[in-house]
Amino acid sequence: MSRNTNSVLDHTSEELRQAFAREGLERFRADQVLRWVYGQRVRDFRLMSDLARPLRERLYETWSLGCLERESSFESTDGTRKLVLRTHDGAKIESVLIPEPRRQTLCVSSQVGCSLDCSFCATGRLGLGRNLRAGEIVDQVLHGAEVLARSGKEITHVVFMGMGEPLLNLDNVIRSIRILADPRGMGLSPRRVTVSTAGVVPRMAELGRALPVRLTVSLHATTDEVRNELVPLNRRFPIATLLEACRRYPASRRDRLSFEYTLIRGVNDSPDDARRLVKLLHGLRAKVNLIPMNEHPGSAYRRPEAPQIEAFAGTLAAARLPVTVRRSRGDDIFAACGQLGAPAPSHEGQTRLILSDKQKGNALRHR
Ligand code: SAH
């Protein structure tokens, strides 16, 4: 399992057929293998009973069926699950399963760590390890599917909101979405895929041209001064440049561009911020997801009190800007936005977070 040779998961069905043909195998063998992998979630060639035994052995020697190992998994009190996966070279990445009544979303990582160093995000502290290969992104989805299958459910949506900046690993991200979309693979429509970016402007158009995925932009501030501090990438691509790229992003008419806005007490949560946000997004067919700051050890930033959050959302709603407040899922297991890569909570830490969640009460609207 830990070999990194020639992973089936790095290939679309057509590429796999061609690779098999080059090895002197019949092309339809590729389809058989893909049915086992994506249809039955079988990860061992030796179990593929409709292949002749010598062929199974040969494939076992020369191909791999993914190389992420599930190291641990944490389940939150709200049903969210964090999967900690180990790569063949020993790095750890995390994926998060978010069950909802009508959709099952998997949040995947695109890089080991992240290079952007956003000041409020735990993943940023890790720095960048390396880009994930397309097959390693697909592998996360297979692991998620495997876990969900136990309760008879399937993944319906994938969001690139885990570790890393997907647009800084764009080729592999696009490849992974194409592989997931393959009708002989998982058959997941790119329209059910959301890619989140902190604003790598030149790559936004490239993504939009390649695939009809949804884009969401991590905005988090309404002035360059504050955004420079929260998202250092803003020094290269300031707010005006970023919003210009959003205006040009090819979205189908019914899709709204969405903006993530982490609310941080005393930093970006004032009534003036709310009003400026309305102005900035004017004319953009936008919607805003407010994420009350998920606190984590080592960050001094705090979540605003519920009335501030409500007031901020209220100003946007009054200006007819669609807004949701994201009820953070899985923060008791450090699986919420911006908590990936933070050390797993000790028992004490867990208790503290659950308590403070209760104190927060039900003031936040659910997504
Ligand atoms: N690099 C991409 C993908 C990561 S998505 C991006 O920045 O969009 C993760 C989302 O969670 C981003 O919107 C990120 O800014 C946000 N986030 C990071 N740390 C957070 C925290 N501590 N609390 C709430 N949201 C956070």
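Biologist: Why is Asp117 called partly exposed?

Modeller: Asp117 has 46% relative accessibility. Buried means under 20% relative accessible area, exposed means over 50%, and partly exposed is in between, with a 1.4 Å probe and protein chains only. The value for Asp117 falls in between, so partly exposed is the label. A word on the source: this is a predicted model, where local features need pLDDT of at least 70, side-chain atom pairs count only at pLDDT 80 or more, and totals for chains, interfaces and linings use all residues. Residues are numbered from 1 along each chain as its sequence is written, and side-chain values use heavy atoms, with hydrogens and water left out.

Biologist: Thanks! Where is Asp117 found?

Modeller: Look in the loop between β5 (111–113) and β6 (128–131). Helices (H or I, at least four residues) and strands (E, at least two) are DSSP runs, numbered from the N terminus. Phi of Asp117 is near 60°, a positive value in a residue other than glycine.

Biologist: And what makes Arg320 count as exposed?

Modeller: Its relative accessibility is 77%. That is over 50%, so Arg320 counts as exposed. Arg320 sits in the loop between α10 and β12 (323–325), and its phi is also a positive value, near 60°.

Biologist: Why is the pair of Tyr261 and Phe312 called tilted?

Modeller: Rings of Phe, Tyr and Trp (its six-membered ring) pair if their centres lie within 6.5 Å; planes under 30 degrees apart count as stacked, over 60 as edge-to-face and the rest as tilted. Here the centres are 5.2 Å apart and the planes stand at 35°, so the pair is tilted. The two residues come from distant parts of the chain, with Tyr261 in strand β10 (residues 257–263) and Phe312 in helix α10 (residues 306–318), 51 residues apart.

Biologist: How do you know that Tyr261 is buried?

Modeller: Its relative accessible area is 1%, so Tyr261 is buried. Phe312 is buried too, with 2%. Of the 367 residues of the chain, 53% count as buried.

Biologist: How do you know that the radius of gyration agrees with a compact globule?

Modeller: The radius of gyration is taken over C-alpha atoms, and the globule rule is 2.2 Å times the number of residues to the power 0.38. For 367 residues a compact globule would be near 21 Å, and the chain has 21 Å, so the two agree. Along its principal axes, the C-alpha trace spans about 70 × 45 × 35 Å.
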